[in-house]
Amino acid sequence: MPAVRSRGDAKTTPTIIALAIAFTVTVIDPLVLSLNLPEVSRALHVPAQFVGLLGGAATLVMAAAVLAAGNLGDAFGLKRLLMSGLVVVTVVNLLSMLSPGYGFLLVMRLLDGLGMTALLGVPLALLKTSVPQEKRPAAIGAFMAVEMVLCGVTPALTGWAVAAVSWRVLFLVAPLLSLASLWLTSRYVPEAPVQQRGRLDVVGVILVGMALLALVIGLAAAQNGVSRPETVLPLAISVVAAVVFVRHERRTDEPALDLALFRSRAFSVAIAATLTLNFLVAGLGIALGQFGSVVLSLSPQSIGLLYLPGTLLIAGAVILAGRLIGKYSPRPVMVTGLAVLAVSGLLMAGTVSPTMALWLLVLAIWLCNLGSLVTSASVSETVLSEAPAGHSGAVASAQLAFGMTGYAFGPTIYLLLLRIFFRREWLADAGSRGLSATEAEQTVDAVRSSLALSPGSGGFDPNLIRHASGLHLGQDFADALRLTMLTVTLLPLVVAVAAFLLMPRREERQR
């Protein structure tokens with residue numbers, strides 16, 4: 001390890017860039033597909049019930065398999081696993097460009113999720129082993145800054161490319177980033193020490209994957225009714241699988257997730273924070289897609305541009321956050337980041353309307369991105385500091401497993417809340433206009449059915465919103481979004497209070 005930590009800054013910078021690009025692929029890849037999913041769906045004639053599955057397939061696979069990737073990396077080599085994942089992502093996305101139909105593309109998305117699983121926790125684990133401990137907080141800040149710049153620029157560029165060429169251009173983004181990371185990784189990133197493991201906890205990985213997948217399916221089905229068998233059965237399976245997983249992890253000698261880590265208050269709060277920030281970012285993305293396209297009549301290209309303003313400011317703020325973590329502790333930075341996330345939600349709730357100014361929408365997105373990355377920097381430092389020697393991959397993957405869980409739940413729960421509040425609003429709207437509930441329901445039936453799509457789907461019908469007679473559905477939807485944002489904003493506030501009370505202060509960390 002001393003030999004690794006003696007590396008100069010000349011090699012540390014490309015190492016950070018290589019690892020940051022690899023990690024960013026896991027964000028950019030599903031994001032650009034989600035923003036352009038309508039074009040892909042129309043071109044490949046994707047049935048409505050498969051649209052959401054197509055959009056969320058890779059994310060669900062990553063959430064289910066990330067624990068396995070971390071353990072495999074510790075056992076067989078983190079660098080080797082990362083490079084293998086980059087190769088898989090490159091090949092699968094190039095094949096996706098040639099998709100003759102949605103069935104082929106769905107298979108490719110599942111395989112893409114497997115490849116991207118190696119790009120989640122492994123880059124952070126390699127960051128821990130490649131950078132001296134005293135420089136790690138600043139390195140994490142730089143890592144997040146690279147992610148921010150790429151996430152700010154890529155959606156806008158991709159939207160223009162799709163409009164000018166074809167939806168197939170979408171699947172060039174991940175290969176270009178992966179090849180750049182692959183070259184930098186092979187040249188500059190050192191291999192981490194290998195931790196010999198007796199065996200991979202296959203049972204644990206299967207159980208956690210089953211629990212997450214069943215929970216997302218159950219929550220999606222709850223949009224059609226909580227008491228329906230389609231809702232109750234997956235939720236029951238999820239609960240049983242989670243209970244069996246905890247029981248199994250306590251008894252196995254080589255657990256996929258070491259539950260002893262949760263004895264640390266700092267680790268537990270950090271995990272809650274990463275679950276929260278990913279939940280909010282993914283949920284806002286789906287809400288933005290719905291509100292922007294349906295009520296504000298924005299194109300996917302225009303929605304992509306909303307992520308661009310302020311990108312460099314956020315990148316600079318995240319670099320500063322990393323230095324502040326090193327100087328003080330993750331606690332004040334985490335509390336600040338969560339507070340900014342809450343401000344973003346409150347701003348959205350307080351200003352959303354069918355005539356909302358775009359600069360307010362941009363500001364809400366900017367604050368959400370700023371808060372999420374500042375929080376993520378403090379979370380990463382907290383989690384990595386808890387990792388025992390030789391287990392960086394497993395511990396970093398635990399962080400990303402909860403992060404991907406939040407990312408998978410965000411769209412589903414936001415859509416569920418939007419459905420509940422939207423129904424409440426259009427019923428009140430109908431009552432004020434003397435329409436019966438039956439008449440009003442006939443008007444919004446297409447909207448209701450579109451919300452019942454698979455996990456991660458989007459789906460109000462823009463034409464219905466514009467042409468529904470007798471109801472102000474645009475205002476009803478804006479009010480539903482307001483109530484949704486007020487509800488979810490409670491989460492970062494609660495976690496911020498927990499971080500303030502439970503996270504160690506600087507002097508406590510030094511003891």
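How much space lies in the largest cavity? The model is a predicted one, and in it the largest cavity holds about 70 Å³ of space.

**The largest cavity**

- The structure contains 3 cavities of 30 Å³ or more.
- The lining of the largest cavity is formed by L280, L284, L341, S344, G345, C368, Y414, M485, V488 and T489.
- Three helices, α12 (265-295), α15 (330-351) and α21 (473-488), each provide at least two residues of this lining.
- Helix α15 makes the largest contribution to the lining, with 3 residues.
- By residue class, the lining of the largest cavity has 7 nonpolar residues, 3 polar residues and no charged residues.
- As a general principle, empty space is found by rolling a probe the size of a water molecule over the atoms.

**The second largest pocket**

- The volume of the second largest pocket is about 340 Å³.
- This pocket is lined by 17 residues, of which V208, L212, A242, F245 and F402 are the closest to its centre.
- Helices α4 (48-76), α10 (202-221), α11 (229-251) and α17 (392-432) each contribute at least two residues to the lining of the second largest pocket.
- Helix α10 gives the most to that lining, namely 5 residues.
- The lining of the second largest pocket consists of 15 nonpolar and 2 polar residues, with no charged residue.

**A nonpolar patch on the surface**

- A nonpolar patch on the surface is formed by V87, V91, L95, L98 and F104, which together have about 430 Å² of accessible area.
- Helix α5, which covers residues 78-96, gives the most to this patch, with 3 residues.
- L95 is located in helix α5.
- L95 has a relative accessible area of 36% and is therefore classed as partly exposed, because that class lies between the cut-offs of 20% and 50%.

**Salt bridges**

- The structure holds 4 salt bridges.
- R109 and D29 form a salt bridge in which the closest N and O atoms are 2.7 Å apart. R109 belongs to helix α6 (residues 102-117) and D29 to helix α2 (residues 9-35), so this pair ties together parts that are 80 residues apart in sequence. R109 and D29 are both buried.
- In the salt bridge between E381 and R136, the closest N and O atoms are 2.9 Å apart. This pair links distant parts of the chain, since E381 lies in helix α16 (residues 358-385) and R136 lies in helix α8 (residues 136-164), 245 residues apart.
- E381 has a relative accessible area of 4% and is buried; R136, with a relative accessible area of 2%, is buried as well.
- R482 and D479 form a salt bridge with the closest N and O atoms 2.6 Å apart. Both residues lie in helix α21, where they are 3 residues apart, or about one turn of the helix.
- Is R482 buried or partly exposed? R482 counts as partly exposed because its relative accessibility is 24%, whereas D479 is buried, with a relative accessible area of 18%.

**Residues apart in sequence: two examples**

- T15 is placed in helix α2. With a relative accessibility of 1%, T15 counts as buried.
- How far apart in space are T15 and L184, C-alpha to C-alpha? The distance from T15 to L184 is 7.1 Å, C-alpha to C-alpha, while the two residues are 169 residues apart in sequence.
- S372 is found in helix α16. S372 is buried, because its relative accessible area is 7% and buried means under 20%.
- S372 and M334 are separated by 38 residues in sequence and by 9.5 Å in space, C-alpha to C-alpha.

Conventions:
Residues numbered from 1 in each chain as written. Predicted model: local features only at pLDDT ≥ 70, side-chain atom pairs only at ≥ 80, totals over all residues. Heavy atoms only, no water. 1 Å grid on protein atoms, 1.4 Å probe; cavity = no way out; pocket = protein on both sides within 12 Å on 5 of 7 lines; lining within 4 Å. Points joined across faces, edges and corners; volume = space filled by probe spheres on them. Helix = DSSP H or I, 4+ residues; strand = E, 2+ residues; numbered from the N terminus. Nonpolar A, V, L, I, M, F, W, Y, C, P; charged D, E, K, R; others polar. Patch = residues over 30% accessible without salt bridge, like charges linked within 9 Å, V, L, I, M, F, W, Y side chains within 5 Å. Areas by Shrake-Rupley, 256 points an atom, 1.4 Å probe, with all protein chains shown as cover. Salt bridge = Lys/Arg side-chain N within 4 Å of Asp/Glu carboxyl O. Buried < 20%, exposed > 50% of the residue type's maximum accessible area, 1.4 Å probe, protein only.
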